[in-house]
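Subject: Handover of a structure and notes on its contents

Dear colleague,

Please find below the structure that I am passing on to you.

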Amino acid sequence: MAKILVIFIFVFITIAHSFAQDTLNHRKRLFYRGDRQNSLSTSFCSGIQKTIDEGVSPLLYRGTTLGAGIGYQSFRKNKIWNISGAFGTSKQFSPAINDIGYYQGYNIDINFKYLWNLDKQNKFPLRLYAGIGSNQTNRLRINEQMFNAAFNYDIMWGLGGSLHLSKTLKIKAFDINLWKWYAHYRPHKITFEYNIDFPIICMNLRPSYVVIENFVGNNNTLFGSNTVKFTSINEMLYIQSDLGLTYHLRTKNEIRFAYIWQYYNIQPEYSPVAGAMHLFQIIFRFKLNDFDNEAK
Amino acid sequence: MKRSNFIQLLSINVIALLLTMSCERPFMEGNPDYDAQENFEYLWKQVDEKYSYFDQKNINWDSVYNVYAPIISQSTSEYTLFSTLFEMLGLLKDGHVNLVSSFNVSRYNISHNAPENFNWRLIKDYYLEPGTLNHFNVQEHSYATGSLRHQIFTINNTSVGYIYYSSFSNPISNYDIELTLSRMSNTKGLIIDVRNNGGGAPSNIFQIINRLTSEKRYIYGSRIKTGKAHNDFGELMEVYSEPEGNYKYTKPIVILTNRNCFSATSFFAAACKAFPNITLVGDTTGGGAGAPHGGQMPNGWYYRFSVTRSGYPMGDTLYDFENGVPPDIHIDMDINDELNGIDTMIDKAIELLLTESSAQL
């Protein structure tokens, strides 16, 4: 964990400084619409994933995960909408020394949110946005030692509230003078951001772990779609939050370094499951147009 | 930017970070440090709540606990624990029950004390491949179409087809089965030999049987264990075969079975009971009518056992074939025949098909 953190900080600082000395690029960007800031992003993440699937095992599986994603964000002074998708893979092991198996995991996430500015008069010291968020989360796992229950999955969709807090600070220019090495650090902005999604209406799909579907017909209902269940926070808890630091480059592009925490807990009658992820993420956000209101 | 503001903001972020980093811990207690006794209890309870054949097999699982629980203590070695659990699970007499550790796999011998009733070398030398030994003087080598091995025997100008399918784990494509059956189009009858087929993917059952019928047929029904009590089962799920594919073989068919036919092969044999043109010849199959459920014990060992029941229609009821599908005509391999290169069961099948063929004339 500490190693991953150090690597990300190193990568972040290195890239940030290499971009920071670029001169401002005044070329016209695509899709110019001055009332909003449209941007495309690409992200990479790494961290720890944990799963305890009581339908097949009482053990907590834990391992590292790697992923990448893309996204699109449209930011206006009073509204933000954001869509992003990510794919990741993981290898999780149980703590049992006799365990000859492991989970090979695949994670697919699609998130959408639409937020409104709650503080249009700027009365609070922080920017505060709230709105609706939709999260589609797929956790697929394979443990070949589990016979007919080798394929495990938690497929979740949630619709609920989303909150976004941010505060932008300006870093003044300063000089660094170390013996024969001299550098001038130009003024930049950094933004601290915090997002949290808390779905209220949920849908989940879990295996019954009784692989009978293909015994009772020629229909290989791989995901057992007949077990899709609509529920709410009483049976399913699903939270996703991220804490980020965005570094605004002089090119108006951004590099964002974030810590993401995700937790879900599904309690159907037959096979409870809980999962958590701690991810360190780096996002490169490329602005598609200039924005009249730069304050964020 | 004021330095105090920056520090304040940074502190808030660090606190939020630390809070979320360990937030899920109280809800994800998954590292129980179980000892041998607790592992025994765990597996016993899983079987008690989920296994589907206690009543039919007349097993008193509570008395099993009373016998085996005293053997296990907190300090029991993993080898002793494994052998005890091996013995305990053996009482279920179910080929779908296994316990897998890093050093051993428990299993139940489904063909215990049953005749072998199968000799692949004999079939190859005397039935499938051309040569001086071949009983039918076949001129062409047998076909190996996907996972299906097939040949045509000619007896007194009458042709009988033969298909051997060794494992339902080997997929059968539409092309494989249609080519094989269309090759049999001029035969008077067909032998489908599934002896020593230990099962596999049930989807392959339908690849075959849906091409042996021209009408929809109720072939078997299954119930899934839904509650913790030994007889808590869900509603009956009825399974049908439906005509499929471009070519259908509806002439007389003989299915050859032995005791090593298990799981999907027993389902296949059970399904064939619904077809008036199919006769089961040989020995009772090894059973395996319960679909298995896999899982893991706290010490990392893996297990599986049956959690459903299945039966084929017999009058107004369902005949549960967990202990095997009985043949319509029971016959075993004759040791003297075997020494003379004769497969008693194949010859019986040919005799039946020729009799039916001549009766139709």
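Are A:Arg141 and A:Asp53 buried or exposed? Both of these residues are buried. Please note that this is a predicted model.

Salt bridges in chain A

A:Arg141 and A:Asp53 also form a salt bridge with each other, and their closest N and O atoms lie 3.0 Å apart. This pair links distant parts of the chain: A:Arg141 belongs to strand β5 (residues 127-142) of chain A, A:Asp53 to strand β1 (residues 36-53) of chain A, and 88 residues separate them.

Strand β5 of chain A also holds A:Arg139, whose partner A:Asp109 lies in strand β4 (residues 103-117) of chain A, so this pair ties together parts that are 30 residues apart in sequence. The salt bridge between A:Arg139 and A:Asp109 has its closest N and O atoms 3.0 Å apart. A:Arg139 is buried, as is A:Asp109.

In a further salt bridge, the side chains of A:Glu193 and A:Arg256 meet at 2.7 Å, N to O. Here too distant parts of the chain are linked, with A:Glu193 in strand β9 (residues 188-205) of chain A and A:Arg256 in strand β12 (residues 254-266) of chain A, 63 residues apart. Both A:Glu193 and A:Arg256 are buried.

Shared partners join salt bridges into one network made up of A:Asp53, A:Arg141, A:Asp154 and A:Arg206. Over all chains, the count comes to 23 salt bridges.

A sheet in chain B

Chain B contains an open sheet of 4 strands in the order β2-β1-β12-β11, with antiparallel pairing. Its edge strands are β2 (105-106) and β11 (292-296) of chain B, each of which pairs on one side only. In general, the strands of a sheet pair through backbone hydrogen bonds, either parallel or antiparallel.

The pairing of β11(B) with strand β12 (residues 302-306) of chain B is antiparallel and runs over 5 bridges. Within this region, B:Gly295 has B:Tyr303 in β12(B) as its bridge partner.

Which helix packs on the sheet? Helix α2 (residues 36-50) of chain B does so, touching β1 (98-100), β11 and β12 of chain B. The direction of helix α2 of chain B makes about 25 degrees with that of β12(B).

With kind regards

Technical notes: Residues are numbered from 1 along each chain as its sequence is written. Chains are lettered from A and ligands numbered from 1 in the order in which they are written. This is a predicted model: local features need pLDDT of at least 70, side-chain atom pairs count only at pLDDT 80 or more; totals for chains, interfaces and linings use all residues. Side-chain values use heavy atoms; hydrogens and water are left out. A salt bridge is a side-chain nitrogen of Lys or Arg within 4 Å of a carboxyl oxygen of Asp or Glu. Helices (H or I, at least four residues) and strands (E, at least two) are DSSP runs, numbered from the N terminus. Buried means under 20% relative accessible area, exposed over 50%, partly exposed in between (1.4 Å probe, protein chains only). Two strands pair if DSSP finds at least two bridges between them. Contact means heavy atoms within 4.5 Å. Axes are lines fitted to C-alpha atoms, for helices over the stretch in contact, and angles run from 0 to 180 degrees between N-to-C directions.
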